[in-house]
Protein chains: 2
Amino acid sequence: MTVKVESVDSLLKSTGREGEEVRVQGWIRTRRDSKAGLSFLAVHDGSCFDPIQVIAENHLHNYQSEVQRLTTGCAVDIVGTVKPSEGKGQSIELLASEVQVVGWVEDPDTYPMSPKRHTMEHLREHAHLRVRTNVSGAVARVRNCIAQAIHRFYHENGFNYVHTPILTASDCEGAGEMFRVSTLDMENLPRNEQGAIDYSKDFFGEESFLTVSGQLNVESYCLALSKVYTFGPTFRAENSNTTRHLAEFWMVEPEVAFADLADIADLSEQMLKYIFKAVLEERADDMAFFAQRIDKEAISRLENIIENDFARINYSDAIEILENCKEKFEFPVSWGIDLASEHERYLAEKHFKKPVIVLNYPKDIKAFYMRMNDDGKTVAAMDVLAPGIGEIIGGAQREERLEKLDERMDEMNIPKDHLDWYRDLRRYGTVPHAGFGLGFDRIVSYVTGMGNIRDVIPFPRTPKNISF
Amino acid sequence: MTVKVESVDSLLKSTGREGEEVRVQGWIRTRRDSKAGLSFLAVHDGSCFDPIQVIAENHLHNYQSEVQRLTTGCAVDIVGTVKPSEGKGQSIELLASEVQVVGWVEDPDTYPMSPKRHTMEHLREHAHLRVRTNVSGAVARVRNCIAQAIHRFYHENGFNYVHTPILTASDCEGAGEMFRVSTLDMENLPRNEQGAIDYSKDFFGEESFLTVSGQLNVESYCLALSKVYTFGPTFRAENSNTTRHLAEFWMVEPEVAFADLADIADLSEQMLKYIFKAVLEERADDMAFFAQRIDKEAISRLENIIENDFARINYSDAIEILENCKEKFEFPVSWGIDLASEHERYLAEKHFKKPVIVLNYPKDIKAFYMRMNDDGKTVAAMDVLAPGIGEIIGGAQREERLEKLDERMDEMNIPKDHLDWYRDLRRYGTVPHAGFGLGFDRIVSYVTGMGNIRDVIPFPRTPKNISF
């Protein structure tokens with residue numbers, strides 16, 4: 001076969017190819033035999049949502065011996081001639097001159113990705129194969145599209161991508177429970193003179209953990225490069241078995257120098273709109289599938305966000321709205337509470353009917369590094385709440401004044417020894433700066449309408465689950 | 001100040017701006033006072049290598065009280081008028097109408113990034129501040145440029161970016177020593193009935209580690225999406241205190257279905273050339289600095305690679321060249337050895353004088369998943385060797401035949417229990433596929449000429465070092 005291989009995506013998008021000889025490589029989605037002595041093969045290669053229809057006629061030398069034995073998942077290498085499609089849906093199909101079987105499916109009856117409807121649970125149990133299905137394949141392409149769009153957005157806007165460390169000795173970032181990382185022999189732990197475990201013998205010479213956020217580190221780069229972002233894995237050792245939590249997930253964290261809370265509220269709005277536009281333009285095929293089969297709002301929800309300005313409201317005013325509305329909430333509302341999901345969704349879905357950025361939260365429910373407002377009660381924090389999900393972004397202006405930062409660290413009993421370097425950033429050429437964190441997997445879940453976050457990351461890690 | 005802020009990069013690149021009022025925000029690199037009653041401030045904001053020269057005259061209201069006290073590292077917000085530069089080097093400078101000091105440097109005499117020459121060791125000890133220097137700032141921008149180029153290269157070529165898991169229960173990938181990840185109470189380890197540590201009580205219910213490679217996982221996505229790549233952190237718990245090793249580093253791993261060894265040898269060549277072109281085009285300023293101050297070959301080395309085809313040679317022929325050359329090697333050469341750095345560099349630097357891809361290595365020095373060649377002695381592995389560094393890429397065609405894979409796993413005593421899912425990929429629609437791994441940090445080191453890999457990653461993690 002010396003014909004050049006082409007992707008199904010490029011083939012289906014091209015026009016004026018009738019009569020041309022082409023070659024595709026991929027996997028059988030379905031085979032349907034016709035009484036007329038030919039078979040219809042739907043062949044996909046992951047390059048787009050649709051498979052290409054291949055017509056294999058019974059004069060092919062291996063028609064009976066192989067073509068008629070093809071089942072879902074078999075790998076094939078096909079040469080054929082482009083012809084206008086007689087069926088509906090697609091404009092072209094291939095009339096095969098050669099169908100080479102590259103890989104069979106062992107025992108098709110027990111193939112876990114057989115062409116029937118599978119539960120999401122079944123797919124999760126076969127995470128190594130599920131990307132072969134329509135739904136997981138579409139998720140994978142949309143996930144890629146969003147990741148590429150994020151890098152492009154920041155690159156076009158003059159940000160530098162920074163790889164902040166995954167391993168850290170700092171256990172006081174406060175974002176959640178941490179995993180310990182060690183090479184000590186667990187059966188024979190070294191002890192110091194006081195009888196405690198001697199971490200000075202460990203790989204890094206001290207207790208070490210997986211990071212919960214790259215923010216503190218990326219601030220250091222922000223205060224020299226002005227505009228930076230991280231995009232990497234972060235970890236929470238929390239025993240949360242929900243549809244929204246992963247022990248290992250990816251996070252995007254931009255940080256901007258000479259910026260205040262309003263600036264990064266604007267940045268968050270621009271970024272989300274940019275991402276959603278990219279998905280609708282570049283993955284229209286996959287999004288149409290999600291709208292049809294998973295969540296009928298999948299496309300209109302994004303369009304609505306793209307077309308409308310985000311609302312902005314102070315926390316205190318949001319509390320007033322919630323107190324005065326007629327909604328019955330499970331958790332009572334009063335100034336000082338951390339907004340629960342029901343409150344966030346009421347604001348975004350019922351009150352504003354579009355994304356809303358809540359600004360200036362009470363200091364007592366926020367992290368030590370957030371900038372104290374002049375009222376002494378609130379800090380310059382923000383959350384972006386979106387209809388259908390609630391919080392999707394959390395951010396803040398950082399406390400750039402050393403004495404204020406120290407006050408907050410003392411108040412909150414944050415030890416300073418591991419964070420002297422962070423305090424240095426306020427000693428030397430400090431500037432107002434601000435940033436936010438976007439849970440990447442949650443955005444993929446939001447865009448696709450997939451209700452369980454375990455279905456939008458290739459190999460989810462959750463309590464008691466580290467398979468594959 | 002209502003003038004719109006502009007980056008130094010955009011300002012220096014623009015033309016025809018004379019007389020325009022502009023505003024920049026950044027940090028003082030140097031201040032020089034003239035007897036004529038004015039000061040020259042070099043202001044950088046990280047957006048490019050060069051600072052912009054600002055002329056502050058003594059009629060500014062805060063000239064004596066503040067401008068004359070400015071030192072390296074102070075943060076400033078400046079409004080001024082663009083004028084043609086009278087000095088050499090730059091075409092424009094700013095005549096300041098307002099110099100606002102945003103952040104002072106506490107005790108300039110002890111500021112760790114004072115404007116004298118610092119050793120790389122000193123910079124490493126202040127990794128949170130070093131990106132403010134010329135050299136670390138240039139590294140950060142080039143690192144960003146390479147990362148963006150990699151994503152762009154794969155995106156343009158139809159690859160999907162896949163987030164493979166960082167946490168894994170598989171300890172048999174063979175690429176190196178692993179870090180254990182746990183939430184068990186180290187002072188009070190749970191024991192099972194046999195008295196062994198009971199990992200079923202651990203967060204994931206079994207022994208867990210940090211991944212050494214995303215390859216095995218990404219193969220699963222390759223066999224549905226055809227062209228995929230990972231780009232994420234990987235880990236080695238090896239006590240290697242060299243200039244080439246990190247415990248935490250970033251790796252790029254493409255994987256292509258229906259591809260053989262020759263295909264990914266071609267891909268590796270295309271990718272490297274694409275990256276190097278991007279760096280020379282987009283970061284000419286930083287590369288000029290590296291060529292001038294760090295490594296005079298920095299630019300010509302990349303040009304040489306871009307302009308020449310890579311050589312390709314079988315391992316067996318490479319051994320013959322090494323056996324018959326007149327070079328004295330520390331490690332003796334014979335068929336079957338793993339090439340040492342001195343051998344690799346001889347081939348690339350002296351024999352071929354350009355990058356060379358060595359193909360088909362003895363099976364005994366390679367991993368279990370590499371495809372057995374028909375000779376029964378070699379596997380379809382490849383290394384890309386480059387002048388000035390040696391190996392920069394290692395890859396292979398994968399063993400897609402289940403019975404051959406099982407043979408190799410048995411031979412090498414690789415337990416199958418954690419890799420049943422990997423074997424499934426050969427049971428269901430298996431196809432020839434191949435991929436490689438690129439040590440991202442090593443490429444940054446190679447491009448910049450920075451001799452120590454600890455100087456090209458923001459916060460290096462090495463034995464006994466997890467600071468910041």
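Between chain A and chain B of this predicted model, the count of salt bridges is four. In one of these pairs, A:R191 meets B:E187, with the closest N and O atoms 2.7 Å apart. Side chains of opposite charge can pair when their charged atoms come close. Polar contacts also cross the interface of chain A and chain B, where 43 residue pairs are found, both residues of each pair being at pLDDT 80 or more. On the side of chain A that touches chain B, helix α3 (residues 134-156) of chain A gives the largest share, nine residues. That side of chain A is made up, by class, of 59 nonpolar, 30 polar and 20 charged residues.

The extent of the contact can be stated for each chain. Chain A brings 109 residues to the contact and chain B brings 109 residues. About 8900 Å² is buried between chain A and chain B, and carbon and sulfur atoms account for 62% of this area. Three residues, A:H163, A:M186 and A:Y428, supply 9% of the area that chain A buries against chain B, more than any other three residues.

The relation between the two copies is considered next. Two copies of a chain are related by a rotation about an axis and a shift along it. Here, chain A is superposed on chain B by a rotation of 180 degrees with 0.0 Å of shift along the axis, at an RMSD of 0.0 Å. The two copies are therefore related as by a two-fold rotation axis. Within chain A, the C-alpha nearest the axis belongs to A:V181, at 2.4 Å from it. The same surface serves both copies, since 100% of the contact residues of chain A recur in chain B.

Strand pairing also joins the chains. Strands of a sheet pair through backbone hydrogen bonds, either parallel or antiparallel. Strand β8 (residues 180-182) of chain A and strand β8 (residues 180-182) of chain B run antiparallel and are joined by three bridges. A:R180 has B:S182 in β8(B) as its bridge partner. These strands belong to an open sheet of six strands with antiparallel pairing, in the order β7(A)-β9(A)-β8(A)-β8(B)-β9(B)-β7(B). At the edges of this sheet stand β7 (167-168) of chain A and β7 (167-168) of chain B, each of which pairs on one side only.

Another open sheet, with eight strands and mixed pairing, lies in chain B and has the order β6-β10-β11-β16-β15-β14-β13-β12. Its edges are β6 (160-161) and β12 (311-314) of chain B, each with a single partner strand, so one side of each is left without a neighbour in the sheet. In this sheet, B:N314 stands opposite B:L359 in β13(B).

| Strand pair | Bridges | Direction |
|---|---|---|
| β8 (residues 180-182) of chain A and β8 (residues 180-182) of chain B | three bridges | antiparallel |
| β7(B) and β9 (residues 208-210) of chain B | two bridges | antiparallel |
| β12(B) and β13 (residues 356-362) of chain B | four bridges | parallel |

Over all chains, the whole structure holds 72 salt bridges. One of them is formed by the side chains of A:R130 and A:D455, at 3.2 Å from N to O. A:R130 lies in the loop between α2 (120-125) and α3 of chain A, and A:D455 in the segment after α12 (440-448) of chain A, so this pair ties together parts that are 325 residues apart in sequence.

Technical notes: Residues numbered from 1 in each chain as written. Chains lettered and ligands numbered in written order. Predicted model: local features only at pLDDT ≥ 70, side-chain atom pairs only at ≥ 80, totals over all residues. Heavy atoms only, no water. Least-squares fit on C-alpha atoms with pLDDT ≥ 70 in both. Contact = heavy atoms within 4.5 Å. Buried area = accessible area lost by both parts, 1.4 Å probe. Polar contact = N/O pair within 3.5 Å; in protein donor to acceptor, adjacent residues only side chain to side chain. Nonpolar A, V, L, I, M, F, W, Y, C, P; charged D, E, K, R; others polar. Pairing = 2+ DSSP bridges.
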